Amino acid sequence: DRQTLVAVLQFLRRSNLRESEEILRREARLLGDDLGGAALSPASAGLLVGSGSDVDSGEALLGRGTSAAAVAIGGSVATVATSSPGVAAVAAVPPGKGEARGHCGVDASSPGRGGARVPGFRRGAGTRESVSGHVPESAVVVEDQPDVSAVLSAYNQQGDPTLYEEYYSGLKHFIECSLDCHRAELSQLFYPLFVHMYLELVYNQHESEAKSFFERFHGDQECYYQDDLRVLSSLTKKEHMKGNETMLDFRTSKFVLRISRDSYQLLKRHLQEKQNNQIWNIVQEHLYIDIFDGMPRSKQQIDAMVGSLAGEAKREANKAKVFFGLLKEPEFDVPLDDEDEEGENEEGKPKKKKPKKDNVGSKSKKQDPNAPPQNRIPLPELKDSDKLDKVMNMKEAARRVRLGPECLPSICFYTFLNAYQGLTAVDITDDSSMIVGGFADSTVRVWSVTPKKLRSVKTAADLSLIDKESDDVLERIMDEKTASELKILYGHSGPVYGTSFSPDRNYLLSCSEDGTVRLWSLQTFTCLVGYKGHNYPVWDTQFSPYGYYFVSGGHDRVARLWATDHYQPLRIFAGHLADVTCTRFHPNSNYIATGSADRTIRLWDVLNGNCVRIFTGHKGPIHSLAFSPNGRFLATGATDGRVLLWDIGHGLMVGELKGHTDTIYALRFSRDGEILASGSMDNTVRLWDAVKAFEDLETDDFTTATGHINLPENSQDLLLGTYMTKSTPVVHLHFTRRNLLLAAGAYSSQ
């Protein structure tokens, strides 16, 4: 493809895009001034110098979601497509014929949304600022936010509607007859091509052809796309497409396929020989093919990773460095009773215990090499009461039971009986003294689960009579007359979907269908603030393990980071293609994990709001997340009844736990991370051996680079126990400081 490359370089020089030219030269190792002498082959000249028909394809390119600048030079058109995160890619627009489209490669390493279509050159990070700053003034720049009609207009370039079935079945026949090693990889094309071809027919008002196309091929798609296909089958007219969000997502976000170079070459050759422009156009326009060098992946390896709304994650998406280590504990004198105990952070997630007992009272002074800098994000100062709580925590932890396959935890189940209000959320304080339930009748109910009753602070008039110097002033300010086991908090105007206690037990968060998150005082049992930022139901909220910050996620597809003393969010994490259904802070509070109905999990950096990990593999909406106490791993549960385990540092799936038969709503690691407990709508709690699941991980460079994951075949070896309830779905799990497992749910009589 040297000729093509030279043509592109000449174009860049004519347009005074010197910087881009330099970078492209470096990438292609074309040094020296050898542009002038090189003659253009007709095919590569065709890429740049064309007739008026190019203008149409240029406009079609502009109509897509990426913002693009078209520069017309004497009849030829080239576009400079800048993908949304400010990543620039240069694309030469090929003529309408399939012949020259053959020269178009698909970029193998582009981080942006629109891959660069410059043949044969791989783009590293070097081109990030190459073009975006130097678009000529005459250029037309299209808005970044995809307008509905602009997105759909990409479907204007249509082929003969009667041939669509023939095109698709031809490709299907080719893939099914290809070698086994390529067949699994190329089969990934079936679903995105099926959807795009169907929508193209509908958009161009070939309704009967669309119907027959759908009926003939929808049965061939993988079972985990059934729900999406149900939505698709209801779109039978052009008008239906305008307001359908799922459909719009499919248009604007390129469907990502990870395919080995050999399989890709095979596909490209087939489509060129067959002159199958229609399918090749869709591959070019709507798919993002992430090509890797090496062995093709097996069916099992692919099945483990696919299934999300927009295909797999690009490998680029999981390359950023993540500081997954724990922060060093503040040092203060601890009157320890017996054995050595290492510090814990505020949510009571311990660092890994080492079985050494000699240096009594001293804590680990070593900084975790993978930990973020201590001051990377501002964390609240420790108050005296927090220090006192830490001391209590350490004393409790000294009496903690060491769990393992031979020593399983006892489980104490809190069943909500007669919960006619409909239990929708549960949380338990870190010291296991209070439990809160959020209900569908918009109330929040707080119970004390110790003999100590819940009391409010006295009224202002009574407080003024108290001797503030006395030792037991904290007792005296409490009003005994208000003591009760249960407090009901009124304020929301819709079902309460998420609740979270602050680490210091002074505050409680609740989020609701009414679009607000409320902060309640546990001293006065009144609402202090209503945070309004989401316009739709808020599905989950959680306090940071250090207090002060909290996160919320909702139907508007974004998660928001808040601080208790700001009435507007500090960060907005946008990127999911469907509702954000659950949110969790990393133990070091520098990262937030979000699970979504788009069947992906994302990890966000609190410092700058960037998405640093995208995990795909679940076949249904995610409903539970749990970080391991050492911060290295993440467990996720979804409606598909599978628990998936992820290595955060390498950005890889490292395990799959099968056993549940329904949605998993609760996941929790024991205090030292030896056991993972999962609770599900199938009325069971299951315990898994986390130590065994994470040992001997194969995270070599090749696996990390290509995603050839090797999951252990039998997850039953890791299952330590299954505990049935009579008829109570499990909605929350919590390990006490001594490793007793608490579970909660509402008894359902059906």
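**View A. Packing of helix α7 against helix α10.** In this predicted model, helix α7 (residues 164-177) packs with helix α10 (residues 207-217) at an angle of about 25°, and their axes lie 10 Å apart. Angles under 35 degrees count as roughly parallel, and α7 and α10 are therefore roughly parallel to each other. The crossing of the two helices, α7 and α10, is right-handed.

**View B. Residues at the contact of α7 with α10.** From α7, the contact is made by Y164, E165, Y168 and S169. The α10 side of the contact consists of E209, S212, F213, R216 and F217. By residue class, the contact of α7 with α10 divides into 4 nonpolar, 2 polar and 3 charged residues.

**View C. The open sheet β26-β27-β28-β29.** The sheet is open and has 4 strands, in the order β26-β27-β28-β29, with antiparallel pairing. Strands of a sheet pair through backbone hydrogen bonds, either parallel or antiparallel. The edge strands of this sheet are β26 (622-627) and β29 (652-658), each of which pairs on one side only. From one strand to the next, the twist averages 20°.

Terms used:
Residues are numbered from 1 along each chain as its sequence is written. This is a predicted model: local features need pLDDT of at least 70, side-chain atom pairs count only at pLDDT 80 or more; totals for chains, interfaces and linings use all residues. Side-chain values use heavy atoms; hydrogens and water are left out. Axes are lines fitted to C-alpha atoms, for helices over the stretch in contact, and angles run from 0 to 180 degrees between N-to-C directions. Angles under 35 degrees count as roughly parallel, over 145 as roughly antiparallel, 65 to 115 as roughly perpendicular and the rest as oblique. A crossing is left-handed if the near helix is turned anticlockwise from the far one by less than a right angle, and right-handed if clockwise. Contact means heavy atoms within 4.5 Å. Ala, Val, Leu, Ile, Met, Phe, Trp, Tyr, Cys and Pro count as nonpolar, Asp, Glu, Lys and Arg as charged, and the others, Gly among them, as polar. Two strands pair if DSSP finds at least two bridges between them.
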